[in-house]
Amino acid sequence: MPSTLRRPRGRGERAGLDLGTILEAARRFEPNALTMQSVADVLGVDRKALNYHVSSRENLLDLVAEEIFREEFSAVRIEPDAAWSDACRTYALGFARAVIAAGSLGSRLRITGLSATQLLKPAEALLGKLIAAGADDATALRLLVLLSNTALSHALDASLAAGEGERPRPRFLRQSLREAPGEQFDHLARIAADSIDTYGPEQLEFAISVVVGGAVQLLGASDPARVS
């Protein structure tokens, strides 16, 4: 007769908890107000019951950031008939949006959850486009990583600026110019007066265009639209 013995349930299991339930409760709080105790109070369980799934507040913040990114990035779709250049743009814009959605938690992202199928699909589709356009595996991967890093850097930059009353780069530039009155910095002074926005979507579009332009040279295509 087969055994009917089951392993004892852990503390978190006895409380009827799973990671999804914990993260759902955690996302009700602003990051600076999030604690293990506040989540336990919402769920009506002892704080120690969370430890079966989450080791600490820092771990919980990391998991919330990853969950928001996963949720947002899973909506990215690269169409089968898209040109490789358009696929690059779709991927990078989607990546940046997903990081920005995490707000102040974006800096905690380590993107270790890319094993989920919905996250691998955009990467696979983009790699396929680049390889079909003539890239070898190493070049395609390097372009994918470059786009990811470009989007991540912009998103963190934009999130930082959104949290401040005055955008940091223009403020720093004006302050630096005031502290060097005897020096001539004509270009910097003119640019400081122009208040050019380097935090908005135009900056990311510019960065993507530069990456795609470089990729055109690598792939030997004078016009990215000619290579689908």
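**View 1. Helix 5 passes helix 7 in a right-handed crossing.** The model is predicted; local features need pLDDT of at least 70, side-chain atom pairs count only at pLDDT 80 or more, and totals for chains, interfaces and linings use all residues. Residues are numbered from 1 along each chain as its sequence is written, and side-chain values use heavy atoms, without hydrogens and water. Right-handed means that the near helix is turned clockwise from the far one by less than a right angle. Helices are DSSP runs (H or I, at least four residues), numbered from the N terminus. The axes of helix 5 (residues 84–101) and helix 7 (residues 137–162) come within 8 Å and cross at roughly 35 degrees. Axes are lines fitted to C-alpha atoms over the stretch in contact, with angles from 0 to 180 degrees between N-to-C directions.

**View 2. Residues in contact between helix 5 and helix 7.** Contact means heavy atoms within 4.5 Å. Helix 5 contributes Cys88, Tyr91, Ala92, Phe95, Ala96, Val99 and Ile100. Among the partners on helix 7 are Leu144, Leu147, Ser148, Ala151 and Ser159. By class, the contact has 14 nonpolar, two polar and no charged residues. Here Ala, Val, Leu, Ile, Met, Phe, Trp, Tyr, Cys and Pro count as nonpolar, Asp, Glu, Lys and Arg as charged, and the others, Gly among them, as polar.

View 3. Just after helix 10, Gly220 takes a positive phi of about 70 degrees.

How values were computed: Helices (H or I, at least four residues) and strands (E, at least two) are DSSP runs, numbered from the N terminus.
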